[in-house]
Amino acid sequence: EVEKVRIKITSLGLTESRITSDETIQQLFVECRLNNFLAEETPLSLPKPTDGQRIHYNYSTVINVDKEDNHAEREYLKSILLKPDPPADSLKFTVVSDPPEDEQDLECEDIGFAFVSLKEIFQKQRDIIEQDIDVFDSQDASAVIGKLTVTVEALNALRSVHEECKND
């Protein structure tokens, strides 16, 4: 069985915030980042959801963490279990504003962040399946601007890495 971490970005909903009222923010995509070596983004940017609505990405990606071919990823998972470093223990999801076609002088702008702790998945011995996680405002980390529905299946890979740590 090839060990892998499966990540799915299902949907995004925004709450009443500066984001919903900002007319320069029209299209959104989501980036998922694992430490330094993985950054994936939803291939589509979708029109910003109105209040109470959700936009659906249904985007999945898989990170293989088998010993043979994916040594760096595996060592990283080991480090999470052996010497926790909270910022680096998490998958980071970034909601990004994609400028409209006719405004190409505008930059992509990070508008919010959400996190899933891999360490916590291991501690609780439970994957995260279609769970709503808070999206925090990039300009005010205490403000929640929405919910991102994600799946992160990492438990089997983490268990396997943990076994290996014990045997080292």
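Among contacts in the chain between residues at least 6 apart in sequence, 64% join residues that are at least 24 apart, where a contact means heavy atoms within 4.5 Å. This is a predicted model, in which local features need pLDDT of at least 70 and side-chain atom pairs count only at pLDDT 80 or more, while totals for chains, interfaces and linings use all residues. Residues are numbered from 1 along each chain as its sequence is written, and side-chain values use heavy atoms, with hydrogens and water left out.

**The chain as a whole**

- The chain holds four helices and nine strands, which are DSSP runs numbered from the N terminus (H or I of at least four residues for helices, E of at least two for strands).
- Read from the N terminus on, these elements follow the order β-α-β-β-β-β-α-β-β-α-β-β-α.
- The radius of gyration of the chain is 17 Å, which agrees with the value near 15 Å that a compact globule of 168 residues would have; the radius is taken over C-alpha atoms, and the globule rule is 2.2 Å times the number of residues to the power 0.38.
- Along its principal axes, the C-alpha trace of the chain spans about 55 × 30 × 25 Å.

**Surface and charge**

- Of the 168 residues in the chain, 46% are buried, a term that means under 20% relative accessible area, whereas exposed means over 50% and partly exposed lies in between (1.4 Å probe, protein chains only).
- The chain exposes about 9000 Å², and carbon and sulfur atoms supply 46% of this area, as computed by the Shrake-Rupley method with a 1.4 Å probe.
- There are 18 positive and 35 negative side chains in the chain, and the centres of the two sets lie 10 Å apart; Lys and Arg count as positive and Asp and Glu as negative, while His and the chain ends are not counted, and each charge is placed at NZ of Lys, CZ of Arg, CG of Asp or CD of Glu.

- Thr-151 lies in strand β9 (residues 140-153), and it counts as buried because its relative accessibility is 3%.
- Leaving aside residues up to four places away in sequence, Thr-151 touches Arg-6, Ile-7, Lys-8, Ile-128, Ile-129 and Glu-130.
- Although Thr-151 and Ile-128 are 23 residues apart in sequence, they are 5.3 Å apart in space, C-alpha to C-alpha.
- The side chain of Thr-151 also reaches the backbone nitrogen of Glu-130 at 2.9 Å.
- Glu-164, in helix α4 (residues 155-167), counts as buried because its relative accessibility is 15%, and its contacts beyond four places in sequence are with Lys-67, Arg-74 and Lys-78.
- Ser-97, found in strand β6 (residues 90-98), counts as buried at 5% relative accessibility, and among the residues it touches are Thr-24, Leu-28, Cys-108 and Ile-111.

- Most residues other than glycine have a negative phi.
- Asn-58 has a positive phi of about 45° although it is not a glycine; Asn-58 is placed in strand β5 (residues 54-64) and is partly exposed, with a relative accessible area of 47%.
- Gln-125 has a positive phi near 55°, again in a residue other than glycine; Gln-125 is found in the loop between α3 (118-124) and β8 (128-137), and at 35% relative accessibility Gln-125 counts as partly exposed.

Notes
A polar contact is a pair of N or O atoms within 3.5 Å; within protein, one must be able to donate a hydrogen and the other to accept it, and residues adjacent in sequence count only if both atoms are side-chain atoms.
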